[in-house]
Amino acid sequence: MSLLINFLLQTQEVVPTSVTERLTQGLFNVNINNFLVLSVLLFTIGVAGVLTRRNVIVIFMSIELILNAVNINLVAFSRYWFLQTPNASNIYLGEIFTLFVIVIAAAEAVIGLGIVIAFYRNRETISVDEIDLLKL
């Protein structure tokens, strides 16, 4: 991790002179805005999938996209905070929270898919419109 951070810091100090060097620097000099844009795109696609789809499996995949958007934000802000604070005590705080989110998402997927399989065995459909067992 420290080698990657040192590499990124070294690439930021190089002043590009040609188009190739500018492209190379642009590929390796990713700032926090790029991560935020990617995160917003993933979050938007996930929310659109949850709101527009009727298949439970697609809704689960959309929820995973939303959680991955959160994970990207956690890692990006952790890296940004580490680069802004020279005496940061825990540089892996964002990554640790990301691992917790991944574990919770895996548990959520297992429980959700178990419910979907049980529902499919009883009703032979996984459409959200047909899941009305709790309705009176």
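This passage describes the helical content of a predicted model, the packing of helices H3 and H4, and two residues of H4. Residues are numbered from 1 along each chain as its sequence is written, and side-chain values use heavy atoms, with hydrogens and water left out. Because the model is predicted, local features need pLDDT of at least 70 and side-chain atom pairs count only at pLDDT 80 or more, whereas totals for chains, interfaces and linings use all residues.

The chain contains five helices and zero strands, where helices (H or I, at least four residues) and strands (E, at least two) are DSSP runs numbered from the N terminus. Its pattern along the sequence is α-α-α-α-α. Of the 136 residues in the chain, 21% are buried, that is, under 20% relative accessible area with a 1.4 Å probe and protein chains only. The accessible surface of the chain is about 9,900 Å² (Shrake-Rupley method, 1.4 Å probe), and carbon and sulfur atoms contribute 69% of this surface. Among contacts (heavy atoms within 4.5 Å) with a separation of 6 or more, 53% involve residues 24 or more positions apart.

Two packed helices are described by the angle between their axes and the distance between the axes. Helix H3 (residues 32-52) packs against helix H4 (residues 56-84) at an angle of about 165 degrees, and their axes are 8 Å apart. These axes are lines fitted to C-alpha atoms over the stretch in contact, with angles running from 0 to 180 degrees between N-to-C directions. H3 and H4 are therefore roughly antiparallel, the term for angles over 145 degrees. Their crossing is left-handed, meaning that the near helix is turned anticlockwise from the far one by less than a right angle.

The residues of H3 in this contact include Phe35, Leu42, Phe43, Gly46, Gly49 and Val50, and those of H4 include Ile59, Ser62, Ile66, Asn73, Phe77 and Arg79. By class, the contact of H3 with H4 comprises 18 nonpolar, five polar and one charged residues. In this scheme Ala, Val, Leu, Ile, Met, Phe, Trp, Tyr, Cys and Pro count as nonpolar, Asp, Glu, Lys and Arg as charged, and the others, Gly among them, as polar.

Within helix H4, Ser62 counts as buried because its relative accessibility is 6%. Beyond its neighbours within four places in sequence, Ser62 contacts Gly46, Gly49 and Val50. Asn71, also located in helix H4, counts as buried because its relative accessibility is 8%. When residues up to four places away in sequence are not counted, Asn71 touches Thr98, Val101 and Ile102.

Methods. Angles under 35 degrees count as roughly parallel, over 145 as roughly antiparallel, 65 to 115 as roughly perpendicular and the rest as oblique. Buried means under 20% relative accessible area, exposed over 50%, partly exposed in between (1.4 Å probe, protein chains only).
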